[in-house]
Amino acid sequence: MDNNLMEKYHLWQELAVDDGDVANELMNMTQAGVEDAFYRDLAFGTGGLRGVIGAGTNRMNVYTVAKASQGLADYLRKKYARPSVVIGYDSRIKSDVFAQVTAEVLAANDIAVHIWPQLMPVPTVSFATRYLKASAGVMITASHNPAKYNGYKVYGADGCQITTAAAGEILSEINKLDIFSDVKKESFASGLQSGKISYIADRVYTAFIDAVKSQSVLGDLAVDKNVAICYTPLNGAGLKPVIRALTEGGYTNITVVKEQEQPDGNFPTCPYPNPEIKEAMTLGMDYAKQHNADLLLATDPDCDRVGIAVRNSQGEYVLLSGNETGILLLDYICARRQALGNMPAEPVMIKTIVTMDLGERIATKYGVSTRNVLTGFKFIGEQIGFMEQAGKADNFIFGFEESYGYLTGSYVRDKDGVDAAFMICEMFAYYKNQGISLIDRLNELYKEYGYSLNTLHSYEFDGAAGFAKMQDIMKKFRQGLECIGGKQVLKVLDYSAGLDGLPQADVLKYLLEGNSSLVVRPSGTEPKLKAYISVSADSKEQATAIEAKMVNELKAYFK
């Protein structure tokens with residue numbers, strides 16, 4: 001094994017003694033464990049940090065979190081005379097501990113800390129950062145990853161996730177530091193007593209809920225809000241804000257999945273707490289059947305994504321994809337804004353390049369322009385920021401991504417599961433009032449615009465060897481692809497050099513004949529390569545057959 005790795009390991013055994021969990025793990029590490037835990041520092045990028053909880057430089061622990069916080073503090077002190085930071089955390093293992101460590105380091109660097117007094121959804125950090133005019137925000141979360149993960153997400157003063165440039169500057173500050181000797185820390189209790197650390201007031205939470213409710217496009221239209229809603233927060237942070245927003249909005253017939261109601265970072269009934277995954281929705285669907293619910297809602301642990309299921313004509317519950325829910329919301333919002341006469345003069349919808357292109361055709365019908373951005377809601381938030389700088393934030397009417405992220409207003413700069421849950425329930429009630437189900441409306445859209453099938457396939461590559469393997473696979477794709485699934489490649493978009501004014505990104509998009517496409521990219525937060533397949537066809541059966549052929553041919557690349 002590399003001598004440097006062993007030196008790091010022994011140094012940690014000597015100095016990493018404050019956290020008992022870390023110290024115990026270091027005592028019992030195998031050689032392979034040492035290599036994986038220390039072969040690199042946990043990467044800090046536009047998504048901040050994300051990794052497996054544990055001991056080592058390539059892990060989420062109190063030391064790597066403290067070092068990142070010191071780097072953030074040094075960055076902020078160069079940018080602001082009196083910097084301040086908002087901190088939030090979700091239900092994950094050690095989220096509260098990492099939030100406290102972050103506060104302790106920032107306070108020791110004379111940075112004012114505003115911390116939520118209880119676990120909160122991601123969008124509340126973006127909201128509070130803007131509301132309190134803070135210099136930055138930090139959310140401790142790993143979104144929908146398995147229980148062994150946690151993360152550290154950073155927002156700028158505008159409430160957007162940090163830009164590539166800002167991430168680079170913060171990383172530069174982090175890299176100057178010794179993880180043990182260069183990190184300042186003041187006890188949380190001392191920070192509270194001195195006033196350097198303060199809890200965010202309830203009025204800010206109320207202002208957030210009010211902002212969500214203000215997104216309604218019903219106007220004076222009366223609809224029956226006694227629809228039977230089944231909701232699961234998947235043991236995450238969504239319970240209180242989602243129930244509050246819905247209840248204050250007039251929806252009172254709500255049943256919560258008991259086993260997944262309370263915060264629990266172990267996710268005992270849901271090993272992979274991602275509403276995109278059918279297994280994560282299984283218990284909720286069982287509840288929906290038992291309680292004869294009209295609609296099932298599920299938010300992920302940090303409550304920025306929403307998955308739904310609705311009953312079909314046979315009375316069976318059907319999961320809708322993020323793309324399908326997104327185009328339904330887009331169509332609903334556009335139609336209602338036109339009916340109310342409050343469509344902006346220059347309305348804009350923003351989506352990611354891997355999100356269903358059918359959305360753009362729907363937007364065009366309503367006279368709404370579309371902006372396509374790189375994968376990641378931060379790029380949607382960035383575009384809203386550009387519009388705000390131009391004095392046109394109100395032109396933004398909707399943003400969505402295929403991975404179940406939605407936003408209907410400019411009050412935050414990230415996807416918002418509270419807003420999405422509220423708007424989905426409103427849309428559902430609106431259509432039910434007319435005797436139309438969401439599946440009925442979806443089929444009407446497919447009839448009008450043509451059937452579209454969009455799927456995502458993930459391929460996991462763990463550890464150092466997996467990281468190298470992913471790089472090799474991307475190189476192989478860049479060597480050329482002429483045909484996939486019987487469809488010729490018409491054009492290749494390589495975003496590594498930056499395209500259409502977008503930042504550089506390790507993303508390839510193959511435009512295929514017949515309005516179809518394939519996108520390949522490494523995940524920015526997990527050890528995975530992702531393939532996004534989009535197929536347009538005359539029927540669902542035809543599209544499914546083409547997609548299956550493409551998936552089969554892709555296996556040769558991801559061996």
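Colleague: What should I know about the model before we start?
Modeller: It is predicted, so local features need pLDDT of at least 70 and side-chain atom pairs count only at pLDDT 80 or more, while totals for chains, interfaces and linings use all residues. Residues are numbered from 1 along each chain as its sequence is written, and side-chain values use heavy atoms, with hydrogens and water left out.

Colleague: What makes H12 largely enclosed by the rest of the structure?
Modeller: Buried means under 20% relative accessible area (1.4 Å probe, protein chains only). Of the 19 residues of H12, 15 are buried, so the helix is largely enclosed. Gly341, with a positive phi near 75°, follows H12.

Colleague: Why is a set of residues called a nonpolar core?
Modeller: Its members are buried Ala, Val, Leu, Ile, Met, Phe, Trp, Tyr and Cys residues joined through side-chain atoms within 4.5 Å. The largest such core has 125 residues, and Leu297 and Phe558 have the most contacts inside it. Helix H15 (residues 417–433) gives the most to this core, twelve residues.

Colleague: Which residues is Phe558 in contact with?
Modeller: Contact means heavy atoms within 4.5 Å. Leaving aside neighbours within four places in sequence, the partners of Phe558 include Tyr459, Phe461 and Leu529.

Notes: Buried < 20%, exposed > 50% of the residue type's maximum accessible area, 1.4 Å probe, protein only. Helix = DSSP H or I, 4+ residues; strand = E, 2+ residues; numbered from the N terminus.
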